[in-house]
Amino acid sequence: RNPQFVVESDGSVRNGYTIRLLNMIPERRTILLSMQGLSTAEMKIPQVSNDYSDRMFAIPVEPDKATTLKVFVTLPKHAVEDAREGFRFIAEDRSSHERDVYNATFNTPGAK
């Protein structure tokens, strides 16, 4: 029942995604979550403060637990046509060199 997208008052389009990070080792880790593609888009995660950029977040993940996050990606009005290319979420632990990639779509008004 959630909308596929929200058009902001300035004409930009926001999509919401649920990301689940699973830490299957018995020690705390920091997972870097970033996005690749949609170069003018910004990513926001309300539960996580950000020391990096508007396209990368460091997320602490407790031992042997899953962390579920609500992630918002906003594309400016002038770049909505770029949404057709899609984008990727990249989750990586640089200390263990583990990395996972998820290909995502960005929904816009009038998209088929």
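These legends describe close-up views of a predicted model.

**View 1. The largest nonpolar core.** This core has 27 residues. Those with the most contacts inside it are Ile 59, Val 71, Val 73, Phe 87, Phe 89 and Phe 106. Several strands contribute: strand 2 (13-23), strand 3 (29-36), strand 5 (56-61), strand 6 (65-75) and strand 7 (87-93) each supply at least two of the core residues. In soluble globular proteins, nonpolar side chains tend to be buried together.

**View 2. Surroundings of Phe 106.** Neighbours within four places in sequence are left aside here. Phe 106 then contacts Val 13, Arg 14, Asn 15 and Tyr 17, along with Leu 38.

**View 3. The aromatic pair of Tyr 17 and Phe 87.** The structure holds three aromatic pairs. One of them joins Tyr 17 and Phe 87 edge-to-face, at 5.6 Å centre to centre and 80° between the planes. Tyr 17 lies in strand 2 and Phe 87 in strand 7, so this pair ties together parts 70 residues apart in sequence. Tyr 17 has 13% relative accessibility and therefore counts as buried. Phe 87 also counts as buried, at 4%.

**View 4. The aromatic pair of Tyr 17 and Phe 89.** The ring centres lie 5.3 Å apart and the planes meet at 75°, so the pair is edge-to-face. Tyr 17 belongs to strand 2 and Phe 89 to strand 7, so the pair links parts 72 residues apart in sequence. Phe 89 is buried, with a relative accessible area of 3%.

**View 5. The aromatic cluster.** Tyr 17, Phe 87 and Phe 89 form one cluster. Phe 87 and Phe 89 are also among the core residues with the most contacts inside the core.

Note on methods:
Residues numbered from 1 in each chain as written. Heavy atoms only, no water. Core = buried A, V, L, I, M, F, W, Y, C linked by side-chain atoms within 4.5 Å. Buried < 20%, exposed > 50% of the residue type's maximum accessible area, 1.4 Å probe, protein only. Helix = DSSP H or I, 4+ residues; strand = E, 2+ residues; numbered from the N terminus. Contact = heavy atoms within 4.5 Å. Phe/Tyr/Trp six-rings, centres within 6.5 Å; stacked < 30°, edge-to-face > 60°.
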